[in-house]
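This report describes selected secondary-structure elements of one model and their packing. The sequence and coordinates are shown first.

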Amino acid sequence: LGTGKGDFISNLAERFPEKNFIGIEAEQDVLYSAAKKVQEKALTNVRLLVFDIHQIAEIFAPEEVSGFYLNFCDPWPKARHAKRRLTHVSFLEKYRQLLKKDGRLFFKTDNRPLFDFSLEQFKEASLQVRDVSYDLHAEARPDNIMTEYERKFSGFGEKINYCEVLFS
């Protein structure tokens, strides 16, 4: 969700050629960069959509999706904009409908207030949070695939927050 310029999805699809990936991005110009990366790697397991995430239930059937990756989404820092955050409980309920049993949401952000807010929202939605990290890069996980924003923010010394959320 929020494909960005395509580093993450193209590397993930390359690592798991037996799985299908759908990248959703609101900005066509941004998605164009992702499409070029997918094409350069000749990936046949990636589809890209220009789409408004608020309407996500219109493109997936109930229990059709195995997992969502939500990387460095807009933090909407003003309290009055909390409902716009992609980890707000209203979005979590949409994801719950679309995810298969035991589906997962993988979440990364450099924004600690957004991360803390999200952990509270996961709790409010009665979701199981696993594998929480407040400094992902300090753990030097070999399986971590970095996004463009992740490289940028970690390069500035920002800590990267990460968690996996289980929808059961």
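## The β4-β6 pairing and its sheet

Strands β4 (residues 99-109) and β6 (residues 161-167) are joined by 7 bridges in the antiparallel sense; two strands count as paired if DSSP finds at least two bridges between them. Helices (H or I, at least four residues) and strands (E, at least two) are DSSP runs, numbered from the N terminus. Across this pairing, Phe106 is placed opposite Glu164 of β6.

The model is predicted: local features need pLDDT of at least 70 and side-chain atom pairs count only at pLDDT 80 or more, whereas totals for chains, interfaces and linings use all residues. Residues are numbered from 1 along each chain as its sequence is written, and side-chain values use heavy atoms, with hydrogens and water left out.

An open sheet of 4 strands has the order β3-β4-β6-β5, with mixed pairing. β3 (65-71) and β5 (128-133) each have a single partner strand and stand at the edges, so one side of each lacks a neighbour in the sheet. From one strand to the next, the twist averages 15 degrees.

Helix α3 (residues 89-98) lies across β3, β4 and β6 and runs at about 140 degrees to β4. Axes are lines fitted to C-alpha atoms, for helices over the stretch in contact, and angles run from 0 to 180 degrees between N-to-C directions; contact means heavy atoms within 4.5 Å.

β1, α2 and β2 form a right-handed β-α-β unit: with the strands pointing away from the viewer, the path from the first strand over the helix to the second runs clockwise. β1 and β2 run parallel and are joined by 5 bridges, with Ile22 opposite Arg47 in β2. Of the 5 residues of β1, 4 are buried (under 20% relative accessible area; exposed is over 50%, partly exposed in between, with a 1.4 Å probe and protein chains only).

## Helix α2

Helix α2 (residues 28-40) comprises 13 residues and spans 18 Å from its first C-alpha to its last, close to the 18 Å expected at 1.5 Å a residue; the expected span is 1.5 Å times one less than the number of residues. Leu31, Ala34 and Val38 are its buried residues. Viewed down the helix axis, the buried residues of α2 fall within an arc of 55 degrees, so they line one face; the arc is that of the directions from the axis to the C-beta atoms.

These buried residues pack against α1 (7-15), β1 (21-25) and β2 (46-50). Asp29, Tyr32, Gln39 and Glu40, on the other side of α2, are exposed. After α2 comes Ala42, with a positive phi near 55 degrees.
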